[in-house]
Amino acid sequence: MLITLIANPYSIKSISFLLTYGGTIGIIYFKTPVEKFIKNIKIRNRKWKYVFLKLQRKCENLISIIIPTYNNEKEIERCLKSIITQTYTNIEMIVINDGSTDSTQSILEKYAKKDKRIKILFQDKQGVSNARNYGMKYAKGEYLAFVDADDWIEETMYEKLMKKMQEYDCDIVRCNYEVNINEKNTIEKGSLYDLGSKKISLQESNQKLFSYFMRFMPSYIWLLLIKRSSFTNLEFDNELIILEDKLFYYDLFCQGKTIYFYDEILYHYYKNKISVTNSKKNYEERLISIIQFVDKIKTKLENYNKLT
């Protein structure tokens, strides 16, 4: 028996009944957003629930989420759980184990068995920039995002960012964040520095934005959703041990046409006082990296000015 179902707000109960108790679906017409349709109907049969999840993902653009990790056995589960439960379901999680020596790998394998969207890559310890580049090579999504393994995100993060991306036809969408310091409930809200929620043309005000960005704006790439088709040759600089994010940001700003700043906290940044970023060690290496960064930015700015 071939059944044609028309999905609209008035037929949700009857559709739920048909899916649960019988029939073979032939053609399904969605006249409402499929994610709202999925949330409203109650499907008891696991087979049909799986079918509808597949349908939902086909209606959404794929987001590749790059997650580098190194010895994050205490935090990686919290991170993965927050991504697995995203309301935007058409995602792939590319986790790059950068030579962990703790139980991180076994935790990753446990979650990969539960969720086929998780892909695990392994490399000998080569640093976060190399790990991200490695992940991007395997990314299949039309959109790109990054999450650090000790952080976590709101379950609606990518649904909301994608909505803004499509609503404002942008190349980049950036949300806001809060900082969680160690295991204490100390929280600092991030800032968009009085930008609020607004769309900005990068090409029309590149020089002004560059100056503003270099002085004040945190270059956290994990706040971004990036439309890959708008950019070429994106990669992180392996020579830098700090400021690699800011250099990557500048490449985005030079190539992109528009960015939407979305002033809602969707990302939780876990600030560990003994992390690499905040460590009081390796002053000499950090100083060298800062000098290299300045030289690289000068070169990029000169090349950009030649093209404009």
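User: Let's start with a pair of helices: at what angle do the axes of α6 and α9 cross?

Analyst: Bear in mind that this is a predicted model. In it, the axes of α6 and α9 cross at roughly 40° and come within 11 Å, and that angle makes α6 oblique to α9.

User: Which residues in α6 and α9 meet?

Analyst: From α6 there are V128, S129, R132 and M136, and they meet E244, D245 and F248 in α9. Sorted by class, the residues of this contact are three nonpolar, one polar and three charged.

User: And which residues of α6 are buried?

Analyst: Helix α6 covers residues 128–138, and within it S129, N130, A131, R132, N133, G135 and M136 are buried. The elements covering those buried residues include the strands β3, β4, β5 (118–123) and β6, as well as the helix α9 (244–255).

User: Stepping back, how many helices and strands are there in the protein chain?

Analyst: The protein chain has 10 helices and 12 strands. Of its 308 residues, 49% are buried, and among the contacts with a separation of 6 or more, 77% are between residues 24 or more positions apart.

User: How many residues does the largest nonpolar core have?

Analyst: That core has 40 residues, and I63, I67 and Y158 are the ones with the most contacts inside it. At least two residues each come from β3 (63–69), α4 (76–84), β4 (91–98), α5 (104–114), β6 (143–146), α7 (157–168), β8 (172–181) and β12 (258–271). There is also a second, separate core of 24 residues, which includes I66, L144, I172 and Y249. As general background, nonpolar side chains in soluble globular proteins tend to be buried together.

User: What does Y158 touch?

Analyst: Leaving aside residues up to four places away in sequence, Y158 touches I63, I65, Q86, Y88, A145, F146, V147, I153 and L225.

User: You mentioned α4 and α5, so how do they pack, roughly parallel or roughly antiparallel?

Analyst: Their axes are 10 Å apart and the packing angle is about 20°, so α4 and α5 are roughly parallel to each other. The crossing of these two helices is right-handed. On the α4 side, I76, E77, L80, K81 and I84 meet I107, L108, K110 and Y111 of α5, and by class this contact has six nonpolar, no polar and three charged residues.

User: Changing topic to the loops, where does E142 lie?

Analyst: E142 lies in the loop between α6 and β6, and it counts as partly exposed because its relative accessibility is 39%. Although E142 and S229 are 87 residues apart in sequence, their C-alpha atoms are 7.1 Å apart in space. Not counting residues up to four places away in sequence, E142 touches N61, L62, I226, K227, R228 and S229.

User: One more thing, which phi does D169 have?

Analyst: D169 has a positive phi of about 50°, although it is not a glycine. This residue is found in the loop between α7 and β8, where D169 is exposed with a relative accessible area of 54%.

User: And what about N233, buried or exposed?

Analyst: N233 is exposed, with a relative accessible area of 74%. It lies in the loop between β11 (224–227) and α9, and N233 has a positive phi of about 55° without being a glycine.

Definitions and conventions. Residues are numbered from 1 along each chain as its sequence is written. This is a predicted model: local features need pLDDT of at least 70, side-chain atom pairs count only at pLDDT 80 or more; totals for chains, interfaces and linings use all residues. Side-chain values use heavy atoms; hydrogens and water are left out. A nonpolar core is a set of buried Ala, Val, Leu, Ile, Met, Phe, Trp, Tyr and Cys residues joined through side-chain atoms within 4.5 Å. Buried means under 20% relative accessible area, exposed over 50%, partly exposed in between (1.4 Å probe, protein chains only). Helices (H or I, at least four residues) and strands (E, at least two) are DSSP runs, numbered from the N terminus. Contact means heavy atoms within 4.5 Å. Axes are lines fitted to C-alpha atoms, for helices over the stretch in contact, and angles run from 0 to 180 degrees between N-to-C directions. Angles under 35 degrees count as roughly parallel, over 145 as roughly antiparallel, 65 to 115 as roughly perpendicular and the rest as oblique. A crossing is left-handed if the near helix is turned anticlockwise from the far one by less than a right angle, and right-handed if clockwise. Ala, Val, Leu, Ile, Met, Phe, Trp, Tyr, Cys and Pro count as nonpolar, Asp, Glu, Lys and Arg as charged, and the others, Gly among them, as polar.
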